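Subject: Structure for your review

Dear colleague,

Please find below the structure that I am handing over to you. My findings follow directly after it.

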Amino acid sequence: RHSPRPPGHNGQRLRPLSPSPPPPPAAPSLSMAAVTPALIKELREATGAGMMDCKKVLMEFDGDVDAAAEELRKKGLAKADKKASRVAAEGKIAPGKAERPIGPRRSQHCETDFVAKDESFSKFADQAATLAASLSGDDVESLMGASVDGSTLEEVRAGLVSKIGENIQVRRIAARGKEGTTTGAYIHMNRIGVLVEIEGGTEELCTDIAMHVAAMNPAYATKDDVPAEDIEKEREILTAQVADSGKPADIVAKMVEGRLNKFLAENCLVSQQYVKTNDRTVGKLLEENGAKMVGFTRLAVGEGIEKKKDDFAAEVAAMAGGERLMLHLLRQRWRRRRRLQWSRVKLK
């Protein structure tokens, strides 16, 4: 007995339909290609946000770290705006002082790309600092062309490079001081240098405040030094943070202004708690000594230079890959020798 044939069947055996080919894989988007593990790590270090949050926002902004950091702050995912300067090169900051008709003037500078512990290098740094203090302005090119012991400072530098075998560069000069102001400096372990300028007061007071600046690294001296665009940008970020709070507009405005005042207090030198006693602000300390803040300059060794970092994990992986390749080649050689031995046995 045969099973009934389906309608329209002509007696031929039905062939199964071949499966349709799978769709081609989607090409990665530009945003995915722009986001690398190094960018994610940089954003995490700058904001303290989670890894997946950093990856998501970097994809949204096509790998733009600055825009991604600002977006994380708006979303409240960044723990703090703690962009650290990229410490890279090694070197030394040296002070120099010169008495002029306009009053004391100090200059501190000099960074290199290696650990500055050589005696010849230290002598060169001090020599350059003293020469810089005797010049006007803060142009490094003019300093390198200045004469010292019958030669230019550039010639002395080139000779020192040949002697030590390491690259040496004078990177920056900072100077403060004018008629009617008092200046003072503090250098922390030859790696952080601060110049402070005030009206009234004493040099010792400037040095104490310079120590505070070295430790706390304020962004501005006073609220008047904060650029208007920085204030508006911070206000925009703070507004975005409280936009979804559900509170009335006037309450939101007060919250934003309160947080903005807190931001200024934390980032302006005169509003910070004096780190040496922690019982008053720097502004109060100046007021007690009949002085007024003019400004400060802070330099740090390696600031703004990105140093190549050795990737230990990548080196280990490369070594392991080389070992695996060597093992694979040895196994192939052993197999060839075995096949050759078997072929000789068969011939016999």
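In this predicted model, helix α3 (residues 51-60) packs against helix α4 (residues 65-75) at an angle of about 120°, and their axes are 9 Å apart. On the α3 side the contact is made by Asp53, Cys54, Val57, Leu58 and Glu60, and on the α4 side by Val65, Ala68, Glu71, Leu72 and Lys75.

I turn next to the sheet. Three strands form an open sheet in the order β6-β7-β8, with antiparallel pairing. Its edge strands are β6 (182-188) and β8, each of which pairs on one side only. On average, neighbouring strands of this sheet are turned by 15° against each other, direction ignored. Helix α8 packs on the sheet and touches β6, β7 and β8, its direction making about 40° with that of β6. Between β7 and β8, which run antiparallel, there are eight bridges. Ile192 stands opposite Ala300 in β8.

The nonpolar cores come next. The largest of them has 21 residues, and Val196, Ile198, Ile209, Leu286 and Met293 have the most contacts inside it. At least two residues of this core are supplied by each of β7 (192-199), α8 (203-216), α11 (282-288) and β8 (292-300). The largest share, six residues, comes from α8. Leaving aside residues up to four places away in sequence, Ile198 touches Thr181, Thr182, Leu205, Cys206, Leu286, Ala291, Lys292, Met293 and Val294. Another core, of 15 residues, lies apart from the largest one and includes Leu131, Met144, Ala146 and Ile173.

Finally, two loop residues deserve a mention. Asp149 is placed in the loop between β3 (147-148) and β4 (151-152), and its phi is near 55°, a positive value in a residue other than glycine. Because its relative accessibility is 71%, Asp149 counts as exposed. Asn190 lies in the loop between β6 and β7. The phi of Asn190, also a residue other than glycine, is positive as well, near 60°. With a relative accessibility of 37%, Asn190 counts as partly exposed.

Yours sincerely

How values were computed. Residues are numbered from 1 along each chain as its sequence is written. This is a predicted model: local features need pLDDT of at least 70, side-chain atom pairs count only at pLDDT 80 or more; totals for chains, interfaces and linings use all residues. Side-chain values use heavy atoms; hydrogens and water are left out. A nonpolar core is a set of buried Ala, Val, Leu, Ile, Met, Phe, Trp, Tyr and Cys residues joined through side-chain atoms within 4.5 Å. Buried means under 20% relative accessible area, exposed over 50%, partly exposed in between (1.4 Å probe, protein chains only). Helices (H or I, at least four residues) and strands (E, at least two) are DSSP runs, numbered from the N terminus. Contact means heavy atoms within 4.5 Å. Two strands pair if DSSP finds at least two bridges between them. Axes are lines fitted to C-alpha atoms, for helices over the stretch in contact, and angles run from 0 to 180 degrees between N-to-C directions.
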